[in-house]
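Visitor: Please show me the model. I want to know what stands behind the labels used for it.

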Amino acid sequence: FRSVQTLSHSCSRWSSHLHGLVRRMVMVTCGTTFLAALVVAATAASAVPIVEPDGFPEDDECDSSDSANCTLSVLQRRGWSLLSTGGRCGDLGMPENAVCRDDVNFFAAPVSAGTRSGKNDPNADTLMSDMPSITGVGFREATAEDIQRLYFCSPPGGHQCGLPPCSCSRPPCDSCFGGVAGPQRVTRPGCEGGGDGIQCRPPPQALDYKGRAWSTMTFPGKQEMHILAIGDWGGLDGTLKPIEGRKELLVYNQGKRPGPSVFPRTRWNKQHTELLCSHAQFTECFNSNGYSCAAGCGFVRGIDDRPQLLVANAFKERARMVRPQYILNVGDNFYWGGIEKNCGTPMGELSYTAYHQFQQIYEGIYNGEGLDDVPWLSVLGNHDWGGRVFNNGWDQQIAYTWYSKRWVMPAPYWSQHVEYPDLNFTVDLYMIDSNAMDAQDPAEDPEHNICGQKHNPPGASCSAAQGPPNLYTCKDWFWKLWAEQQAWLEKELMKSEADWQIVVTHFPCGHEKEFYEKLHKLDYGETQSRGLDLLVTGHRHDQELWDPAEANPGDYGYLGGLTCFVTGGGGGITSEATPNPYNKKDWYGEGQYGFFDLVITKDTIDIHSINYDGKLLKTSKVWHTTTTTTTTTTTTTTTTTTTTTTSNTTTTETTTSASSITLARTTARTTARTTARAMARTTATSTSSSAAAAAAAAAAATDATETTATETTTSLTTAIPGVGFRPFVNGYTFPLYGIVDSRQKHRHTHRHRPRRRRRRRR
């Protein structure tokens, strides 16, 4: 077979330099020799069946449309089914390679060809930077076939070859991992030797595991149990060279660099009635490094231009400190449109595009002590489906589950049971897809419509991945999926025996309010109510902790007593409003970039909203009882601390570190006593003995709660070491005692000089 492959390669190279009758004579001679060699090879391997490639003629006659489909080509293609592990291949003469032919020949030409050789291009090494990893050889040593292989996997300029070469320096030539270890399927616990759970093998099709439960996670020990939550975190992969004619993910000058680059979105006022900063204006802020920037953009240099890295640094440091058991990932994992290839890749494969984006945006960013091997329980966001299209590689994010020890997304909606045996409690997590909220009729809102006709390509379809079959059924497909999940989720909650029930989804607090209120109020009987306890969301690009104690029935922020938070400030896209903390008039929540840290016990969930610099922004405590849920909230700002309990007692005062501790102790006592009274009043209608027991238990917890609150105040309000810095606004440094924003245009206004005293004349 090596002889046949060598002969095929030699004949192809000879014939490519000849023309007319001479070329035909050489091709016939080569074809006859090739056929004889192929018969010998096939006889030696008679047990291997020859599979006719799809779409090729059965006879050896020339295709009238293109001479490349003559005898030799047909014979070669029949032989390739034996020689190649990936199926079809072809030389540059094939019509499938017409798009890339000129580029490959240009870069394959010798240096002596002068300006007709890409090797003399000053940007050649940059353009060919993926050669070593894809082909296993450097650009300068590469053959034309090696360069064709590059253009098949990662085409510079986007002119992708439709077929890989049949011979190359490091076969197999249809693999895009010639110089690096390609992605390998992982073996999870319980899957040794096969295994039957969904964690052991990918589904035949992308949606086959809908509604299925992932294998139970168990965390022994009596240490403090933490869960980190993050969303909207995956920036642009500027070094990706997309296939399928797609454009590079470059928005501004600095975007072509390894790792993530933030996407600059528009900024509006809080009511979303006035556009403060367009995408073009915001892009200019990035291109000018903040020195030429519209005032309304509120651009903060050092924050807005690298938010994912800032949040990731604080996230990693927090993980090192608290050692979380798992991560809740609410979606929008890759901007702008998820995995930049069409849906339909077989579920048992991982494309080079998906591999590249996961390495650049996820694996290379979220790692280290406290994060390595920690499960990321994930859902899809609207941008993971494609943002403004529905046919991007969302199915590859599902497939990555079986190529990663920590990424878990077996389906668009699924469940996870978690056990804490030594602490005697359990959790049921429900990971659902709420992206129907962005699925509209084709003609509506093209910039915020997965099913819009403006951006979806003609003939777009994801039927190969069980997704929407076409543009005109797209909206119905997503809303049918949502209705399916609603019925599934209500059924799952009703049969749950866990102590806590938590829903994780992409769209933010406030969407489908009545549905989530209904889930929160599900009743198991006269004395036991275990509806939905917590809703974890993203999509809005900021940090918002929705505390039921801060809203009244009828308010937009009231979810029938349900606690919810938005963690959309992961930094893959710029925040809703300026991150300038001295200009909060358009803020929805307590911060713009950040994540959440949850401390979970049998009776409480402590929720901590963490800023991009590691500082605590706001806290909330959800109490789990049999008949009522009580929430305590603490908000931390630069100069004040506000504490709210369900008894509507509010204390506000300017604090130092010592007074913070005193306030925390007072708050803890008030909270515990209020909780005890509420429990006593609520359970009094049942039996006097149960009321006494509940009140006694709450009173006994007062000292422990006081200690916990004191420790929280002294430790969590401290900035994480190593991530502090002096940021910039529109090119100017923040003073240590103040901040300036982009509305101050002239440099001299940023100088803070002490006023000189004039001497009086005598």
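Guide: Start with the pocket. On a 1 Å grid over the protein atoms alone, a pocket is an open set of points with protein on both sides within 12 Å along at least five of seven lines, whereas a cavity is a set where a 1.4 Å probe fits but cannot get out. Lining residues have an atom within 4 Å of a point. This is a predicted model: local features need pLDDT of at least 70, side-chain atom pairs count only at pLDDT 80 or more, and totals for chains, interfaces and linings use all residues. Residues are numbered from 1 along each chain as its sequence is written, and side-chain values use heavy atoms, with hydrogens and water left out.

Visitor: What volume does the largest pocket have?

Guide: About 1,500 Å³. A volume is the space filled by probe spheres set on the points, which are joined across faces, edges and corners. The lining counts 46 residues, and Phe263, Trp336, His383, Arg388 and Glu447 lie nearest the centre of this pocket.

Visitor: What makes a lining residue of the largest pocket nonpolar, polar or charged?

Guide: Its residue type. Ala, Val, Leu, Ile, Met, Phe, Trp, Tyr, Cys and Pro count as nonpolar; Asp, Glu, Lys and Arg as charged; the others, Gly among them, as polar. The largest pocket has 17 nonpolar, 17 polar and 12 charged lining residues.

Visitor: Why is lysine 405 called exposed?

Guide: Exposed means over 50% relative accessible area, buried under 20%, partly exposed in between (1.4 Å probe, protein chains only). Lysine 405 has 63%, so lysine 405 is exposed.

Visitor: Where is lysine 405, and what does lysine 405 contact?

Guide: Lysine 405 sits in the loop between helix 12 (394-399) and strand 9 (407-408). Helices (H or I, at least four residues) and strands (E, at least two) are DSSP runs, numbered from the N terminus. Contact means heavy atoms within 4.5 Å. Beyond neighbours within four places in sequence, lysine 405 contacts Val186, Arg188 and Asp373.
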